[in-house]
Amino acid sequence: MTEIIPSILVKTREEMVEKIIAVEPYVERVHLDIADGIFVPNITISGFEEVEDIETDLKIGVHLMVSKPENHIVRWLETQADKFIFHIEATERAQEVIDKVKEADKEVGIAINPSTPISAIEPFIDQIDLVHFMTVEPGFYGGEFLESVLPKIADFHFYYPDKPIEVDGGVDPETLPGLIKAGANLLVTGSYIFKSKDTAKAIEKMKSIAESESK
Ligand code: DX5
Ligand code: ZN
């Protein structure tokens with residue numbers, strides 16, 4: 001099963017709510033990007049307060065592009081978000097972050113940057129719900145899709161065929177087939193959807209490509 005997950009990278013709560021409303025009828029969850037200006041050179045909405053009490057039925061996953069996620073995760077776990085992605089490059093305390101998310105009975109994934117090898121997350125793979133492959137350098141909407149990540153995804157899928165693979169960055173109708181062929185099934189997509197004139201059509205198109213490529 002493949003899933004199209006709209007990515008929301010914004011600076012204000014108003015923009016976030018606007019984007020959630022725009023995709024709400026067509027998907028089951030959104031991916032909310034949190035950038036701290038330290039781990040990545042961009043700053044988004046940063047506060048859990050801004051993410052509290054959002055009136056939506058959508059599930060919310062949080063992509064923490066922040067340094068030392070162990071210092072923030074407990075507070076994030078109190079929000080309505082049910083899935084947390086943190087970067088292996090941002091912490092030396094990955095085990096602690098995983099344990100805290102699992103204690104709260106929520107989902108956890110580790111993100112790896114385009115140049116980070118799979119070996120960096122090997123000790124944790126059995127404990128996490130998914131691996132999140134960055135296919136752009138993290139931090140911004142509309143980054144350049146890095147095709148060089150495809151063999152890394154395919155390799156991982158070969159060794160861990162049952163582990164869900166999420167991809168993030170430059171996912172659009174052109175890059176989707178190659179990603180699915182490599183083994184990705186959770187497809188995060190930002191600018192393609194939100195820059196399209198017709199959000200519903202853009203999501204529908206992605207869904208139908210994903211479905212036909214997965215056969
Ligand atoms: C990149 C973010 C992505 C981004 C995706 O740093 O983590 O989630 O918003 O946007 P597009 O699809 O435009 O690359
Ligand atoms: Zn993201």
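**Ligand site, pockets and cavity**

Reply: Ligand 1 takes up the space of the second largest pocket. This is a predicted model, where local features need pLDDT of at least 70, side-chain atom pairs count only at pLDDT 80 or more, and totals for chains, interfaces and linings use all residues. Residues are numbered from 1 along each chain as its sequence is written, chains are lettered from A and ligands numbered from 1 in the order in which they are written, and side-chain values use heavy atoms, with hydrogens and water left out.

Me: Why is the space called a pocket, not a cavity?

Reply: Both are found on a 1 Å grid over the protein atoms alone. In a cavity, a 1.4 Å probe fits but cannot get out; a pocket is an open set with protein on both sides within 12 Å along at least five of seven lines.

Me: Which residues are closest to ligand 1?

Reply: Gly-139, Asp-168, Gly-170, Gly-190 and Ser-191 are the closest of the 18 that surround ligand 1. Near means a heavy atom within 4 Å. β2 (29-35) and β3 (59-65) each supply at least two residues of this shell. Strands here are DSSP runs (E, at least two residues), and helices are runs of H or I (at least four), numbered from the N terminus.

Me: What share of ligand 1 does the protein bury?

Reply: The protein buries 100% of the 380 Å² that ligand 1 exposes when taken alone. Areas come from the Shrake-Rupley method with a 1.4 Å probe.

Me: What lines the second largest pocket?

Reply: It has 25 lining residues, with Phe-140, Tyr-141, Gly-142, Gly-169 and Gly-170 nearest its centre. Lining residues have an atom within 4 Å of a point. β3, β8 (186-189) and α7 (191-195) each give two or more. The volume is about 230 Å³.

Me: Which helix gives the largest share of the lining of the largest pocket?

Reply: α8 does, with four residues. This pocket holds about 300 Å³. Its lining includes Met-1, Tyr-26 and Lys-207.

Me: How many cavities of 30 Å³ or more turn up?

Reply: The search of the whole structure finds one. The largest cavity has a volume of about 40 Å³. Among its lining residues are Ile-5, His-31, Lys-83 and Glu-166. β2 gives the most, three residues.

Terms used:
Sits in = over half its atoms within 2 Å of the grid points. Points joined across faces, edges and corners; volume = space filled by probe spheres on them.
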